[in-house]
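Let us walk through this structure step by step, looking at how particular side chains are placed around one another.

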Amino acid sequence: MLSIAERHKYILDSLNAHGFVRITDIANELGVTKVTIRKDVKILESKGLLYKVHGSARPANPHVADLDVHVKDNINRDAKQAIARRAVELLDDSDSVIVASGSTIYAFAEEIRMRPWHHLNIVTPFLRLGVLLNDVENVNVVQLGGTVHKKSLSVLGSETTRGLEDCICSKLFFGVDGIDLEHGITTSTIEEAQLTRRMMASASKTIVLADSTKFGQRGFGRIGSLEDVDVIVTDGEVSEQMAAALEEAGVDLIVVK
């Protein structure tokens with residue numbers, strides 16, 4: 001039988017390999033009781049080495065805070081720019097699309113600004129995007145109205161959703177704060193989640209732009225399930241397990257190396 005130290009090492013090694021572990025699976029693999037593994041997980045959590053969630057464990061706390069967009073701009077910026085360069089290739093020259101808000105979305109807008117277009121219509125709640133693309137030739141920006149959310153510099157509320165009633169768009173590009181196998185796609189506020197669902201209803205295809213740190217994370221507001229997403233564009237750090245789960249959910253995963 002393995003010692004306590006050996007069990008702890010096995011749990012942490014499994015976490016590093018798979019991104020999360022189930023207590024039942026570890027107990028079966030080691031031939032011990034679930035009570036024993038729960039005690040092990042509790043000890044490891046008290047040392048800050050993992051985070052226990054509903055019969056499983058993760059490397060860190062999956063719950064994310066609502067950060068200011070200017071703070072987000074400087075997190076994983078290289079990955080966000082690579083994702084943005086790949087995502088802009090999904091735009092047609094005369095497309096009509098909805099573009100949401102967020103730091104990866106802003107990098108996406110910067111890529112749009114640098115390219116020529118024949119006639120591109122963009123509907124957006126993102127104030128920064130409207131300002132950035134306002135003077136770009138052949139890009140028509142429809143700025144949605146509503147109550148400004150100070151941290152995201154995006155508008156929210158019933159007035160914003162009413163502005164989408166007359167829009168029929170081919171694609172929606174949006175960011176998320178979390179992509180989780182259990183809870184699906186999430187963002188940091190309920191209001192933003194509600195707006196995103198309304199934007200999804202106005203578009204034929206939904207495209208998520210998210211760097212790999214968003215996988216396994218959970219925001220406060222639930223947008224929907226993984227099956228509600230058509231495409232996810234991310235960087236090369238996504239785990240094989242997550243990639244397999246997304247494929248099973250019918251999501252087209254585009255990985256930028």
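**A ring and its neighbours**

In this predicted model, the charged end of arginine 128 sits over the ring of tyrosine 106, at 3.8 Å from the centre of that ring. Tyrosine 106 counts as buried, because its relative accessibility is 15%, and buried here means under 20%.

The ring of tyrosine 106 also has an aromatic partner. A search of the whole structure finds two aromatic pairs, and in one of them the rings of tyrosine 106 and phenylalanine 126 have centres 6.3 Å apart and planes at 75 degrees, so that this pair is edge-to-face. Because tyrosine 106 belongs to helix H6 (residues 103-113), while phenylalanine 126 lies in the loop between strand S5 (120-124) and helix H7 (127-133), the pair ties together parts that are 20 residues apart in sequence. Phenylalanine 126 is buried as well, with a relative accessibility of 0%.

We can now turn to the cysteines. A disulfide is a covalent bond between the sulfur atoms of two cysteines. How many disulfides does the count give? The count comes to zero. The cysteine sulfur closest to that of cysteine 167 belongs to cysteine 169, and because the distance is 5.3 Å, the two are too far apart for a bond; the cut-off for a disulfide is within 2.5 Å. Cysteine 167 is buried at 13% relative accessibility, and cysteine 169 is buried with a relative accessible area of 5%.

Finally, an unreviewed UniProt entry carries the annotation "domain: HTH deoR-type" for residues 4-59. Over residues 4-59 the chain is 64% helix and 14% strand, and the C-alpha atoms at the ends are 19 Å apart.

Technical notes:
Residues are numbered from 1 along each chain as its sequence is written. This is a predicted model: local features need pLDDT of at least 70, side-chain atom pairs count only at pLDDT 80 or more; totals for chains, interfaces and linings use all residues. Side-chain values use heavy atoms; hydrogens and water are left out. UniProt positions are given in the numbering used here, feature names are shortened, and annotations may be inferred rather than shown by experiment. Helices (H or I, at least four residues) and strands (E, at least two) are DSSP runs, numbered from the N terminus. Rings of Phe, Tyr and Trp (its six-membered ring) pair if their centres lie within 6.5 Å; planes under 30 degrees apart count as stacked, over 60 as edge-to-face and the rest as tilted. Buried means under 20% relative accessible area, exposed over 50%, partly exposed in between (1.4 Å probe, protein chains only). A charge sits over a ring if NZ of Lys or CZ of Arg is within 6 Å of the ring centre and within 35 degrees of the ring normal.
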